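I opened the model today and went through it piece by piece. My notes follow.

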Amino acid sequence: MQAFTTHQGIAVPLLDNNIDTDQIIPARFLHRPRNAGYADQLFCDLRFHVDGSADAHFILNQPDYAAGSILLAGENFGCGSSREHAVWALMDYGFRAVIAPSFGDIFFNNSLKNGLLVITLHHQTVQALAQEARQPESRHLSIDLEQQCISSTEQGDLAFEIDAYRKEALLKGASEIDMTLAKEGAITAFEEAYLKRHPWLIPSPPTTITTQ
Amino acid sequence: MAKTMFEKIWEAHVVEERPDGTALLYVDRHLVHDATAQAFDLLNEEGHSVRRPDLTFGMADHYVPTHQDPDRQGHHDAMVSALETNTQRHGITSFGMRHAYQGIVHVAGPELGLTQPGMLLVCGDSHTSTHGALGTLAFGIGASEVTHTLATQCLWQKKPRTMRVTLKGTLPAHITAKDLILTIIGKIGANGGTGHVIEYSGTAIQALSMESRLTLCNMSIEAGARAGMVAPDITTFNYLRDKPYAPQGEQYDQAVAYWETLPSDPNATFDKEVEINAGDIAPTVTWGTSPETALPIHAATPNPAAMATEQRSAIEAMLGYMALSPEQPLQGLAIDRVFIGSCTNSRIEDLRAAAAIAKKGKARIPAVVVPGSWQVRTQAEKEGLDRVFIAAGFEWREPGCSMCVAMNGDHIPPHERCASTSNRNFAGRQGRDSRTHLMSPAMAAAAAIHGCITDVRNL
Ligand code: SF4
């Protein structure tokens, strides 16, 4: 996972509610291997017309915001499908953080596993940040994870919440799998006792399978 | 202390807990499908092995073709074969294309008895909430968590809050679990369940068949909920009896004795309570691009001019995308295509309900029926449902996700309006610029034979 310590960048207001992962990256692109990158497919149907030309109204197609790296979003951002491609597409494009009043649960988890910092702030605070970001001269924000602080020109310093453990993992960019595998002893002890109490959980293959 | 069903199952799976309440949970069942290739790539790159291949099962569904298409347009066979290669490599039992047990993972899992009460079940798909219908704690995870589960058979999770949705009374005739769940989402909103596990309870829920409970729990995620659950009871136990992977003989009795301890204690409290009167529910249809835009059939689209400024632009955008005007009645709205299928509504009961309506006429517009699994398809053919559909001009396809997500080449052409039994009406979900109206199988069949949205109660 990519570590997150501090970041300074352009804030991009995209405040529609319920932006689902199908809009972040449509399903027809999901077969691409991870290392091929998804930057060009981010918000594809919002960013591009059917003929592939850019939709000038979409914020990322406006020169002041094209290099954005902090997304200011609406309620329930990332709801819908569990596709982690939504996080990959945002990160491949260059986003390092998303600030919204609420998130889809699976998207929220997926983000933190990859080093995309997701911050939940009050609806009105996000609106105020967006208002500010709409003025090109005040579109920069900085985020300090250690201090749990967002700094903007007009709103000043804003504190945000994050679980201590998740913060730690993000600061280090640590691999969760390795950390869990280090608990091998505890897992095995639990597993043995648990499966002994619930022996039917280990499935036995059916005796007959009717073939097509 | 009185506990909810969710709390009982959660606690039984805690390997370790952190001071902030995040827990390392043991996973009883992990289902993988053909859209999880990237998670296996990560596992293989990092050189991990699969800890419990015997508790992991594979299913091809998202990318499988549903008909013999000679030019293979828009197909991604490589994704289906990647699942085969990965599961073989790691010793995982997998049901590939045209296997007798193959189907949509959320249809085939319960039907094979792979899903059981009290289990913690995960799958790299948001509609994993479906499996909660059996009293299972089941939720969708992303690719990183799939890799983590493969390697460790465990997952770190923050404990969600609890919510109870109580359905009082009985459902009127012709009203299905689909109408019920669309009504619930319409009431609590697309994020009404965020951060919560929903338990559905009440007399109307207890009366539901297992198929209907699966439909109900399937769409819990459309209310933002982490999971949806129904307490296991005699309906559940009978459903699981003799399923291929369910416990057999003495082990079945032992399991039932455990399953009977799972329902929430009578005095258990929930963080949130919602009550709905089942008797008030009408056939329900969505008009916009979020499942929360669900309305009873006799209603009309909202008028943005009458709304608060903040909501106005969102409503206008949805009406624009859907090519609808303000205050347009849903009844009589012309439809271009019909899709009957998906993990929400492709089980035998759904196909029976759709066939009962298809019998009454001929499809005026293209309509496809995609059974949820080979077992469903075979059963339907035994009952002659395929012949009913074909005689009424519907296409009878092979099992898969198909037009629910348009990943396998099946899709709705741009700007066409589809009556669909699936679970998501998001912009572009069924193909770029497609327009989706969600409804029950009987309502979708009625739309096919009338060419427009029709109240199934009048047929
Ligand atoms: S049928 Fe649709 S919702 Fe269900 S698993 Fe397949 S793609 Fe997902």
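**Ground rules.** I am working from a predicted model, in which local features need pLDDT of at least 70, side-chain atom pairs count only at pLDDT 80 or more, and totals for chains, interfaces and linings use all residues. Residues are numbered from 1 along each chain as its sequence is written, while chains are lettered from A and ligands numbered from 1 in the order in which they are written.

**Chain A overall.** I started with burial. Of the 212 residues of chain A, 39% count as buried. A residue is buried if 20 or more other C-beta atoms lie within 10 Å of its own, exposed if 12 or fewer, and partly exposed in between, with C-beta atoms placed from the backbone. The C-alpha trace of chain A spans about 70 × 45 × 30 Å along its principal axes. I find eight helices and seven strands in chain A. Here helices (H or I, at least four residues) and strands (E, at least two) are DSSP runs, numbered from the N terminus. I then checked contacts, meaning C-beta atoms, placed from the backbone, within 7 Å. Among those in chain A between residues at least 6 apart in sequence, 68% join residues at least 24 apart.

**A hairpin in chain A.** Strand E6 (residues 149-152) and strand E7 (residues 156-159) of chain A run antiparallel and are joined by four bridges. Two strands pair if DSSP finds at least two bridges between them. The hairpin from E6(A) to E7(A) goes through three residues. A:Ile150 stands opposite A:Leu158 in E7(A).

**Where A meets B.** The contact takes 54 residues from chain A and 58 residues from chain B. On the chain A side, the elements giving two or more residues include helix H4 (105-114) and helix H8 (184-197). H4(A) gives the largest share, six residues. I sorted this side of chain A into 22 nonpolar, 18 polar and 14 charged residues. In this scheme Ala, Val, Leu, Ile, Met, Phe, Trp, Tyr, Cys and Pro are nonpolar, Asp, Glu, Lys and Arg are charged, and the others, Gly among them, are polar.

**A sheet in chain B.** I traced an open sheet of four strands, in the order E11-E10-E9-E12 (chain B), with parallel pairing. Strand E11 (227-230) and strand E12 (272-277) of chain B each have a single partner strand, so one side of each is left without a neighbour in the sheet. Four bridges join strand E10 (residues 196-201) of chain B to E11(B). B:Ile198 stands opposite B:Gly228 in E11(B).

**The ligand.** Which residues come nearest to the ligand? Of the 13 around it, they are B:Ser342, B:Cys343, B:Cys401, B:Cys404 and B:Val405. Near means that the C-beta atom, placed from the backbone, lies within 6 Å. The shell divides into five nonpolar, six polar and two charged residues. Domain 1 (5-272) and domain 2 (284-458) of chain B each supply at least three residues to the shell. Those domain bounds come from an automatic or database domain assignment.

**Two positive phi values.** Most residues other than glycine have a negative phi. I noted B:Ser402, with phi near 55 degrees, in the loop between strand E17 (395-396) and strand E18 (417-420) of chain B. B:Ser402 is buried, with 29 other C-beta atoms within 10 Å. B:His174 has a positive phi of about 70 degrees. B:His174 counts as partly exposed, with 18 C-beta neighbours inside 10 Å.

Conventions: Two residues are in contact if their C-beta atoms, placed from the backbone, lie within 7 Å.
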